[in-house]
Amino acid sequence: MAEVKNEMKFEFISKSANEGFARATISAFVAQLDPTISELADIKTAVSEAVTNCIVHAYDNRLGIIYISVRIYDSGQVVIKIRDKGCGIENINKAMEPLYTTGGTERAGLGFAVMQSFMDNIKVTSKQGKGTTVTLTKNIIPRVVKNG
């Protein structure tokens with residue numbers, strides 16, 4: 001079993017201005033693994049989608065708190081948990097279907113599909129009236145540094 005190499009936690013209110021803060025904070029933390037630009041872009045995109053879901057869907061036009069924890073394992077695996085204490089998801093399987101949205105006509109319904117395409121694994125747990133947790137996993141491939 002891989003050991004935790006480093007971890008952090010932070011939280012912020014569910015304002016759209018904070019989506020970029022979350023993305024930048026996580027990418028700065030993950031940078032210690034020396035990921036490729038592509039790996040970092042994948043993580044940033046998935047985090048943006050997960051945080052946006054919290055902002056748009058979780059708190060029903062009111063502000064709430066978004067909680068994020070990030071663990072880096074000695075194997076190079078990054079596990080990001082993005083959690084809210086909002087309304088929850090009635091049907092997770094339905095919510096994860098491409099083009100399904102409860103956000104009205106201005107939403108594409110592709111958030112979970114985007115997360116799945118950029119991460120190695122995504123897990124969604126939710127309880128109605130209690131909130132949702134999205135767990136994103138990405139394996140950063142260690143690169144061999146050559147001297148000379």
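This is a predicted model: local features need pLDDT of at least 70, side-chain atom pairs count only at pLDDT 80 or more; totals for chains, interfaces and linings use all residues.

User: How many helices and strands does the protein have, and what pattern do they follow along the sequence?

Analyst: Helices (H or I, at least four residues) and strands (E, at least two) are taken as DSSP runs and numbered from the N terminus. Here the protein has four helices and five strands, and read along the sequence they follow the pattern β-α-α-β-β-α-α-β-β. As for contacts, meaning heavy atoms within 4.5 Å, residues 24 or more positions apart account for 65% of those with a separation of 6 or more.

User: How many aromatic pairs does a search of the whole structure find?

Analyst: Rings of Phe, Tyr and Trp (its six-membered ring) pair if their centres lie within 6.5 Å, and planes under 30 degrees apart count as stacked, over 60 as edge-to-face and the rest as tilted. The search finds three such pairs. One of them joins Phe10 and Phe21, which are edge-to-face at 5.6 Å centre to centre with 85° between the planes. Because Phe10 lies in strand E1 (residues 4–13) and Phe21 in helix H1 (residues 19–30), this pair ties together parts that are 11 residues apart in sequence. Phe12 and Phe21 also form an edge-to-face pair, with 5.9 Å from centre to centre and 90° between the planes, and Phe10, Phe12 and Phe21 form one aromatic cluster.

User: Which residue lies over the face of Tyr67?

Analyst: A charge sits over a ring if NZ of Lys or CZ of Arg is within 6 Å of the ring centre and within 35 degrees of the ring normal. In this model Arg83 lies over the face of Tyr67, at 4.4 Å from the ring centre.

User: How should I read the second largest pocket, and which residues lie nearest its centre?

Analyst: Rolling a probe the size of a water molecule over the atoms shows where empty space is left. On a 1 Å grid over the protein atoms alone, a pocket is an open set of points with protein on both sides within 12 Å along at least five of seven lines, and lining residues have an atom within 4 Å of a point. The second largest pocket has a volume of about 220 Å³, a volume being the space filled by probe spheres set on the points, which are joined across faces, edges and corners. Its lining comprises 13 residues, of which Lys9, Ile68, Ser69, Val70 and Lys81 lie nearest the centre. The elements giving two or more residues to this lining are E1, strand E2 (65–73) and strand E3 (77–84), and E2 gives the most, with six residues. By class, the lining has six nonpolar, two polar and five charged residues, where Ala, Val, Leu, Ile, Met, Phe, Trp, Tyr, Cys and Pro count as nonpolar, Asp, Glu, Lys and Arg as charged, and the others, Gly among them, as polar.

User: Where is Asp34 placed, and what is its phi?

Analyst: Asp34 is in the loop between H1 and H2, and Asp34 has a positive phi of about 55° although it is not a glycine. At 44% relative accessibility, Asp34 counts as partly exposed.

User: Which residues does Asp42 touch?

Analyst: Asp42 lies in helix H2 and counts as buried at 15% relative accessibility. Not counting residues up to four places away in sequence, Asp42 touches Phe118, Met119 and Lys138.

Definitions and conventions: Residues are numbered from 1 along each chain as its sequence is written. Side-chain values use heavy atoms; hydrogens and water are left out. On a 1 Å grid over the protein atoms alone, a cavity is a set of points where a 1.4 Å probe fits but cannot get out, and a pocket is an open set with protein on both sides within 12 Å along at least five of seven lines; lining residues have an atom within 4 Å of a point. Buried means under 20% relative accessible area, exposed over 50%, partly exposed in between (1.4 Å probe, protein chains only).
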